Amino acid sequence: MDNSGYVLISNGQLLLSVSLIVITGVISAFLKLGLFKTLIWATIRAFVQLTLIGYVLTFIFDLNNIFVIIILLLLMCFIASREASKRVNKAPQSTNLMAFIALTASTFLVVSVVIGLIITPKPWYSASVVIPIFGMILGNSMSGIALSLDRMYSEVNSHVEEVEQLLCFGATPWESVQEHVRDAFKAGMTPIINSLMVVGLVSLPGMMTGQILAGMEVHTAVRYQFVIMIMIAAAVAIGCLILIGLSYKKMFTEDMALVQSMRNN
Amino acid sequence: MKELLSFQDLYYKFDNNQRFVKESGILFSSQVLVLQGPSGAGKSTLLKILARLIKPDSATVFFQGKDWKTFSPNEWRLNINYVAQQPIIFEGSVKDNLLLPYNLKLVSEKKQPPTMEIIEDYLERLGLSTKILNQSAKTLSGGEKARIAILRAVLLEPKILLLDEPSAYLDGENKEIVMSFFNDWLMQDKRGIAMVTHSQKDLNYINNYTTLNITPRRHEIG
């Protein structure tokens with residue numbers, strides 16, 4: 001094996017990897033999980049989706065048009081915001097728009113810092129740099145904001161009496177829920193802080209592994225990984241801040257009382 | 001007797017069914033307005049509406065001759081202070097609980113925290129030992145929690161107390177102590193109480209009260 005290059009996976013080897021599915025299938029059959037059909041379907045989908053996105057990315061990387069890239073990034077934010085909203089229960093109203101604003105603003109801001117100051121590709125909007133980095137930050141940011149928003153609503157919903165008691169003391173809406181908002185913020189930040197703690201000890205992140213397999217020098221891959229994780233933490237923090245800032249007021253009426261849907265348990 | 005609070009044609013329709021509240025009433029100063037009626041009639045809801053925690057579908061409410069909409073909601077709630085049936089106790093000591101409102105912006109602007117002498121005096125009047133002040137409030141008995149929640153409201157010097165079954169967690173002797181306490185409290189500068197209670201006995205300790213019977217109401221189906 002040539003040290004500077006990367007190991008190719010031939011068609012035959014790809015087919016061999018499918019044989020691993022059989023192991024999963026046998027376990028599923030043995031435990032009567034009834035997962036076999038779903039498993040086959042999921043495998044086919046994963047293969048087709050990845051192949052297609054491979055072509056799409058090749059096309060976009062070759063095209064390298066700034067407008068096409070921005071449209072694609074916005075589309076990614078749109079899909080991510082829908083997915084994030086789906087994970088939020090007990091929201092008094094749709095969170096799609098707020099999640100979209102929070103994700104777009106936080107991810108664009110952080111990615112601008114990365115490509116403007118740290119990685120500085122030429123040209124600055126190089127699709128092959130911007131899109132993968134954007135995708136990684138967006139994915140994590142999406143989980144973070146969904147966690148924090150879901151936590152905020154469930155915390156307030158399970159502490160309606162306390163919140164109303166504080167309102168009776170003349171508390172402003174913010175004062176009445178700030179403790180729960182802090183918990184929500186922490187819930188959103190905890191996964192990324194935990195991964196910062198264990199990275200390199202317990203887990204070798206996919207990006208770093210990929211770059212090493214692709215022949216990049218290990219220390220360079222490590223530096224990339226570190227930058228990305230720090231950026232993810234920043235994006236999650238900014239995203240949560242924007243989203244919670246936009247959402248908490250919507251739990252209240254113009255009369256500084258909790259809206260009826262928050263009061264119902 | 002001076003009119004303190006009045007509500008005219010207060011109307012509130014409950015979610016997803018035909019039940020509704022439609023009541024009018026007047027609370028005079030130095031008087032208890034007792035809200036009675038079968039459970040589900042909307043007594044507690046009426047108190048929460050008067051505290052502006054629930055928005056009625058329509059209502060004309062006046063406090064000391066002024067429309068309630070002229071008050072900001074948090075200022076209103078300080079003047080017309082609601083105490084829930086289940087006492088709400090926060091983390092921290094009894095003292096922390098009593099002083100908690102003074103950490104909030106509006107209260108810290110308008111009111112001085114009560115001195116220890118005042119707090120201790122009130123504790124004794126409510127039949128509580130001053131030793132509990134540094135105890136974790138969550139470890140209090142139900143009856144102690146209820147009186148701490150009442151005291152916390154009283155320290156804020158509201159004009160009106162809205163009390164939802166204040167004796168629900170109290171035993172016989174403490175029922176008398178607390179009800180007599182309210183009776184004394186009413187005597188000073190234009191105060192009033194609106195109270196939900198099921199206990200006729202509680203009212204023996206109150207000199208001046210009127211009763212408003214809340215009847216369960218339903219819209220005709222179809």
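Student: How many helices and strands are in chain A?
Tutor: Chain A has ten helices and zero strands, where helices (H or I, at least four residues) and strands (E, at least two) are DSSP runs numbered from the N terminus. Keep in mind that this is a predicted model: local features need pLDDT of at least 70, side-chain atom pairs count only at pLDDT 80 or more, and totals for chains, interfaces and linings use all residues. Residues are numbered from 1 along each chain as its sequence is written, while chains are lettered from A and ligands numbered from 1 in the order in which they are written.

Student: What box do the C-alpha atoms of chain A fill?
Tutor: Roughly 70 × 55 × 35 Å, taken along the principal axes.

Student: And what share of chain A is buried?
Tutor: Buried residues are 31% of the 265 in chain A. Buried means 20 or more other C-beta atoms within 10 Å of the residue's own, with C-beta atoms placed from the backbone; exposed means 12 or fewer, and partly exposed is in between.

Student: OK, switching to chain B. Why is helix α1 of chain B largely enclosed?
Tutor: Six of the eight residues of that helix (residues 43-50) are buried, so the rest of the structure largely encloses it. The buried ones are B:K43, B:L46, B:L47, B:K48, B:I49 and B:L50.

Student: What do they pack against?
Tutor: Strands of chain B: β1 (3-13), β2 (19-28), β3 (31-36), β6 (80-83), β7 (160-164) and β8 (192-196). Just after α1(B), B:R52 has a positive phi of about 65 degrees.

Student: How many residues of chain B are in contact with chain A?
Tutor: 22 residues of chain B are in contact with 16 of chain A, contact meaning C-beta atoms, placed from the backbone, within 7 Å. On the chain B side, α2 (73-79), β6 and α4 (105-110) each give two or more residues, and α2(B) gives the most, with five.

Student: Which residues have the most contacts inside the largest nonpolar core?
Tutor: A:I145, B:L162 and B:A194, in a core of 110 residues. Such a core is a set of buried Ala, Val, Leu, Ile, Met, Phe, Trp, Tyr and Cys residues joined through C-beta atoms within 7 Å. Helix α5 (residues 127-158) of chain A gives the most to this core, with 14 residues.

Student: What is B:A194 in contact with?
Tutor: Leaving aside neighbours within four places in sequence, B:A194 is in contact with B:L27, B:L33, B:L35, B:L47, B:L50, B:I160 and B:L162.

Conventions. Contact = placed C-beta atoms within 7 Å.
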